[in-house]
Amino acid sequence: MKQKKTFICKECGAQSPKWLGKCPECNSWGSLEEQVVSGAKGQPARTTGQANIIKLKDVPNEPDYRFRTSITELDRVLGGGIIPGSIILVGGDPGIGKSTLMLQMCGRLQKFNPLYITGEESLQQIKYRAQRLKGIENDMSVMADTLIENINAAIQQHDGRIIIIDSIQSVYSERVDATPGSVAQVRECTSLLMQTAKKSNKAVFVVGHVTKEGVIAGPKILEHMVDTVLQFEGEKTYSYRILRAHKNRYGSTNEIGIFEMSDKGLREVSNPSELFLAQRRQEDSGIAIVAAIEGTRPILLEVQALVSPTGYSVPQRTTTGFDMRRLQMILAVLEKRLGAQFRQADVFVNVAGGVYMNDPSLDLGLAAALISSLRDVPVNPKALLIGEIGLTGEVRAVSNIEQRLKEAQKLGFQKALIPSQNMKKLPSGFDIKISPVERISIALAEILG
Ligand code: TYD
Ligand code: MG
């Protein structure tokens with residue numbers, strides 16, 4: 001059979017008959033990789049197509065059957081559990097804990113007889129780790145292989161419902177002439193796995209490493225192919241890890257799962273606020289407590305700001321866990337509306353050690369932390385700040401105010417500043433002093449010193 005060469009963009013999957021430095025579709029540079037496909041050129045279609053159109057009401061109702069992992073934080077992110085026949089990509093930096101999470105999940109899913117296929121570690125290493133993690137039975141099925149055809153056979157033959165492949169970058173197919181981890185290999189292997197998963201109605205977890213840019217190594221198209229993309233993230237220097245769903249055909253992508261890495265593996269964090277507030281030094285300036293909502297869960301967090309005189313002609317702005325443009329906007333509002341001076345100062349912002357929260361209700365807390373650090377007066381440590389800041393310095397309403405206040409109450413906060421717009425629908429009976437605020441200037445006067 002004649003061999004044909006094509007070049008595939010690893011970012012968007014576009015194809016080109018010749019190599020190009022820049023992808024004509026997505027404009028990324030150096031992203032085209034060679035792929036050899038066997039098959040004759042210009043073959044006519046073998047059959048004429050057949051259309052199968054039915055009414056929605058005639059589609060059979062199947063029960064929403066999910067395997068619960070009984071790891072609450074994982075089930076939540078999966079949308080309630082694992083759907084058989086689906087393929088789930090678990091991405092994350094090397095060393096973040098993907099293999100550990102998968103192994104611990106296997107431990108909980110013994111009744112579905114999981115099969116752990118490793119292409120990265122030896123079976124000896126897996127055994128050693130399993131012994132250390134506890135709760136993982138000795139009769140768990142394992143296999144060390146990297147050839148996708150063997151893995152495919154194993155998935156079909158294994159009498160269990162859950163398969164783990166660690167990792168997609170280590171497996172390869174003999175039919176594709178490229179190194180493991182290349183676009184062509186990853187694409188071929190994933191599409192094979194998808195067919196087998198659907199046919200055998202087994203859930204397949206595929207572990208994938210993440211490159212420096214934060215995309216799953218190899219092609220972005222991998223993300224398009226699978227049913228669910230979970231991302232395991234966290235700062236190496238902190239022990240907690242966040243699991244997020246970037247894509248989920250069977251659930252919401254808002255939920256997060258929080259874990260803590262310990263010497264006995266990953267531990268679920270069911271009350272994140274306590275974890276994030278544990279190391280707080282109440283008397284320091286530049287700190288404020290905010291209430292974020294992640295998915296359906298309120299999480300109280302500490303936002304920190306440090307404002308110090310700059311030694312540069314262009315002062316520095318550095319953020320961890322907070323949007324840089326949002327910080328610039330808040331600084332501009334504080335300068336314009338309060339006359340605060342940040343022009344001669346470096347500004348550093350840190351939200352709960354790098355847990356990225358994309359919730360505008362953090363604005364008010366951050367503004368308070370900034371002014372607190374600038375003037376070196378602490379924010380009232382028993383108070384919580386909730387509110388989005390608008391360009392004119394107004395404090396805007398936020399969603400889910402009740403949930404946020406309940407969490408604050410549970411953790412013993414005595415006072416909460418909330419947008420006055422949120423007062424209208426607020427039920428009474430909170431055992432916490434609520435101060436409605438309309439403008440940032442009034443809020444800060446109330447909370448500082
Ligand atoms: P691992 O699951 O191998 O990461 P990945 O598969 O994402 O590359 O986790 C590796 C890190 O986790 C390693 O640095 C050691 C640490 N770790 C613990 O701290 N405690 C444990 O019980 C285990 C198993 C790992
Ligand atoms: Mg690993």
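I took helices (H or I, at least four residues) and strands (E, at least two) as DSSP runs, numbered from the N terminus. This is a predicted model, in which I required pLDDT of at least 70 for local features and 80 or more for side-chain atom pairs, with totals for chains, interfaces and linings using all residues. Residues are numbered from 1 along each chain as its sequence is written, chains are lettered from A and ligands numbered from 1 in the order in which they are written, and side-chain values use heavy atoms, without hydrogens and water.

**Entry 1: backbone.** I looked up the peptide bond between Asp166 and Ser167 and found it cis, with omega of about 5 degrees. Ser167 belongs to the loop between strand 7 (162–166) and helix 5 (183–200). Lys134 lies in the loop between helix 3 and strand 6 (141–144). For reference, most residues other than glycine have a negative phi, and most peptide bonds are trans.

**Entry 2: ligand 1.** Which residues come closest to ligand 1? I counted a residue as near if one of its heavy atoms lies within 4 Å of the molecule. Ligand 1 is surrounded by 16 residues, with Gly95, Lys98, Ser99, Thr100 and Ser262 the closest. By class, this shell holds 4 nonpolar, 6 polar and 6 charged residues; Ala, Val, Leu, Ile, Met, Phe, Trp, Tyr, Cys and Pro count as nonpolar, Asp, Glu, Lys and Arg as charged, and the others, Gly among them, as polar. At least two shell residues come from each of helix 2 (98–108), helix 3 (123–133) and strand 11 (256–262).

I then listed polar contacts to ligand 1 (pairs of N or O atoms within 3.5 Å). A polar side-chain atom of Arg129 is 3.0 Å from an oxygen atom of ligand 1. Backbone N or O atoms also approach ligand oxygens: one of Asp263 at 3.2 Å and one of Gly265 at 2.8 Å. Ligand 1 on its own exposes 560 Å², of which the protein buries 73%, by the Shrake-Rupley method with a 1.4 Å probe.

**Entry 3: the pocket.** I used a 1 Å grid over the protein atoms alone: a cavity is a set of points where a 1.4 Å probe fits but cannot get out, a pocket is an open set with protein on both sides within 12 Å along at least five of seven lines, and lining residues have an atom within 4 Å of a point. Ligand 1 sits in the second largest pocket, in the sense that more than half of its atoms lie within 2 Å of the grid points. This pocket holds about 260 Å³ of space, a volume being the space filled by probe spheres set on points joined across faces, edges and corners. Its lining has 20 residues, with Gly95, Gly97, Ser99, Thr100 and Arg129 nearest the centre. Helix 2, helix 3, strand 8 (203–209) and strand 11 each give two or more residues to this lining.

**Entry 4: cavities.** How many cavities of 30 Å³ or more are there? I found 2. The largest has a volume of about 60 Å³, and strand 13 (residues 287–294) gives the largest share of its lining, 3 residues. The second largest cavity, of about 40 Å³, has a lining of 5 nonpolar, 4 polar and no charged residues, including Leu78, Thr228 and Tyr250.

Definitions and conventions
Polar contact = N/O pair within 3.5 Å; in protein donor to acceptor, adjacent residues only side chain to side chain.
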